[in-house]
Each structure stands twice: as structure tokens, then as C-alpha cells.
Amino acid sequence: MKRRRILPATALALALAATPVWAQVKWDLAAAYPASNFHTENMAQLASEVDKATGGQLKITVHANAALFKAPEIKRAVQGGQVQMGEVLLGNFQNEWQIFGIDSLPFLADSYEAAKKLYAAQKPFLEKKLAEQGMLLLYSVAWPPQGIGTKKTLRSAADLRGVKWRTYSPATARLAQLLGAQPVTVQAAELSQALATGVVEATMSSSATGMDNKIYEHLKYYYDTRAWLPKNAVLVNKKAFDALDKPLQQALLKAGTDADARGWSTSTQVNTDTTAKLKAHGMKIVEPPAALRADLARAGESMLKEWIATTGPEGQALIDAYRR
């Protein structure tokens, strides 16, 4: 006859005490920028706050510098459930849905105040679209304003003709075409290598991306055009979110709200700091000449007309909401 093993009462109590009363949930967050970038640091702080608020029940690991997926692949990975969270540059997906790229239209919103107003107008459209795609918008933060890094001086757009211009989104590619430059698509994680090997000779980027990629090692001038403030957005797979217990959902949403406010505040300071650092490393920080600014403004007007023509009533409604 087979004997049943009986644990002493003390051993059973110890075994039960060692068994967690909850199952820890582990999430991955795919990010495209270096760990030292302020967007990535903001996500790392969010992960820390969620960990603390949930008593370790929800653990979020941030994978920086495109370690999990390249920048253009992250949205699809979140949407398809390959990863629970991801950070994307919204303008990268303008060809999929034009509203994603409204914050990359030159001189539509060229200050932090204007960029926040544009985001407020865009947000309901974003949330609706992302919900249709099975995602949740956790928060979104603007990059510092975009400027032009070059090897040579610029008097007008004529000086950009034929120059290999780094682009990272449909809007930057279209701007290059309108200015007569040669568009070359290079994501942030590959910019330094592209400059070192001569794949690109100029770049439209923020001072923060410039410092991340040490553009001062290859470029001499940074034209502070303040052309637009593109936004990164942190997205969450809706099925993964819905599977969380209510307290974990609330903790994540609260951390997202805090990250949004913190990120916008940090971005303004980063703009000041990184512009100063580019200068300290030998780059000349230049106010755009009137002719160059006029050429950029004309290109921006053309792009806005094209954008409205493509988006139709939806795009016009967004522009109207922004300009009220």
C-alpha cells in the first residue's frame, strides 16, 4: 500500500509562508534612444515609480537604444503584443495616418507653448486611433525644437541643394525635397555612424539628439531654426493593460500622468543645456539668416497645404481646434 507523505505542521506553515500571495507581472518597454537620453531616463523613472507603487507586483524593464526593436518597428511590436510597451516618435508613422505627423510640420508650432496647445488638440484624435489599433496612449513628450546641423554655412535653402540630408520621418524627407537636399533616412541610433562614414552631411534634429550622437565631431554649425517640436509617445498594448488588476492599472496611469508633466518640464531644460554643450564642444550656434528662415517658412506652408489636402475634414478639424 502506497503511503501518503504528511508534512509536519511547522514545515507546512513555512511552505505556505514562502509562497507569494500574488503573481508578479513583468513587462518590457522597447525604446529607441540611448539610456542617457532624457526620454529614456523619464521612462526609467516611470518604471521605478510603478515598481514602488505596486509593491513590486508590476515590473517594467526599459530596453534602450533600439535593443529590442528598431525605431520604426516598435509601434507594430506593441500593437501585435510582441512587447507590452513601447516608445515611438509619432511623426515616423505619418504615412500610415497623417494625424500622427502634425507636430512635424515646419513652423506650425515652434515653441513649447504652441507645441502643448497642438498636443491638446491632437490628443483626442490620437487616443481614438490608437484604441482602434488595440493600444493605449500612456503619455507623450516633445523633443526640444529642431535645428539644422551642417558642415558649411547656410545663407538660404540654395546652400542645401544636393547635400545628403539625414531624415527620420516622412515630414523631414518631404522638407528635404522641397529645399533641394538629398534625403537619406537614418534613425537616431545610427546617426553617429552615418556622419562618420559620410552617409549624411547634414541633419535636422534637436540639440538633445545632437549631443546623444556627438554631431560636433563631424559638423561645425547648428542653425537654431526652432522649426517644430516632434513628440515621442509611450504606448501600451490594450490587452496587456486590461489583463492587469485594477490597482496596477491605476498605478501605471498615475505614473504616466507624472511622466508626461515631468517630461515636458525636462525637455525645456534639456534644450538649454544641450545647446550650450554643443557650443562648448566647438559648434557654432547660429540664428538662421532671414533668407533661410523665409525659405523654410515657404516649405512649411507648402507642407501644411499638402497635409490638409491629404487628411481632408479630419485634418482641418484638428487645425481649427489648434488655432482657436
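Colleague: Where is the place of Leu160?
Modeller: This is a predicted model: local features need pLDDT of at least 70, side-chain atom pairs count only at pLDDT 80 or more, and totals for chains, interfaces and linings use all residues. Residues are numbered from 1 along each chain as its sequence is written, and side-chain values use heavy atoms, with hydrogens and water left out. Helices (H or I, at least four residues) and strands (E, at least two) are DSSP runs, numbered from the N terminus. With these elements assigned, Leu160 falls in the loop between strand E5 (146–150) and strand E6 (164–167).

Colleague: Which is Leu160, buried or exposed?
Modeller: The classes are buried for under 20% relative accessible area, exposed for over 50%, and partly exposed in between (1.4 Å probe, protein chains only). Leu160 has a relative accessibility of 1%, so the class is buried.

Colleague: Which residues does Leu160 touch, not counting those up to four places away in sequence?
Modeller: A contact means heavy atoms within 4.5 Å. On that basis, the residues touching Leu160 are Leu154, Trp165, Leu179, Gly180 and Ala181.

Colleague: How many salt bridges does the count come to?
Modeller: The rule asks for a side-chain nitrogen of Lys or Arg within 4 Å of a carboxyl oxygen of Asp or Glu. Applied here, the count of salt bridges is 13.

Colleague: Which helix holds both Lys128 and Glu132?
Modeller: Their side chains form a salt bridge, with N to O at 2.9 Å. Lys128 is exposed at 56% relative accessible area, and Glu132 is exposed at 52%. The two are 4 residues apart, which means about one helical turn, in helix H4 (residues 112–132).

Colleague: What relative accessible area does Asp258 have?
Modeller: Asp258 makes a salt bridge with Lys254, their closest N and O atoms being 2.7 Å apart. Both sit in helix H9 (residues 246–280), 4 residues apart, so about one helical turn separates them. Lys254 is exposed at 52%, whereas Asp258 is partly exposed, with a value of 27%.

Colleague: Which class does Asp295 count as, buried or exposed?
Modeller: Asp295 pairs with Arg298 in a salt bridge, the closest N and O atoms lying 2.4 Å apart. They are 3 residues apart in helix H10 (residues 290–311), and therefore about one helical turn apart. Arg298 is partly exposed at 49%, while Asp295, at 17%, is buried.

Colleague: Which residues do salt bridges that share partners join into one network?
Modeller: Salt bridges can be linked through shared partners. The residues joined in one network this way are Asp224, Arg226, Glu287 and Arg293.

Colleague: What volume does the largest cavity have?
Modeller: On a 1 Å grid over the protein atoms alone, a cavity is a set of points where a 1.4 Å probe fits but cannot get out; lining residues have an atom within 4 Å of a point. Points are joined across faces, edges and corners, and a volume is the space filled by probe spheres set on them. The whole structure has 2 cavities of 30 Å³ or more. The volume of the largest is about 120 Å³.

Colleague: Which residues are closest to the centre of the largest cavity?
Modeller: Its lining has 9 nonpolar, 5 polar and 1 charged residues, where Ala, Val, Leu, Ile, Met, Phe, Trp, Tyr, Cys and Pro count as nonpolar, Asp, Glu, Lys and Arg as charged, and the others, Gly among them, as polar. Of these 15 lining residues, the closest to the centre are Tyr33, Leu89, Arg166, Tyr168 and Thr209.

Colleague: How many charged residues does the lining of the second largest cavity have?
Modeller: This cavity has a volume of about 40 Å³. Asp103, Ala109, Ala115, Leu118, Leu229 and Lys231 line the second largest cavity. By class, 4 are nonpolar, none is polar, and the number of charged residues is 2.

Key:
1 Å grid on protein atoms, 1.4 Å probe; cavity = no way out; pocket = protein on both sides within 12 Å on 5 of 7 lines; lining within 4 Å.
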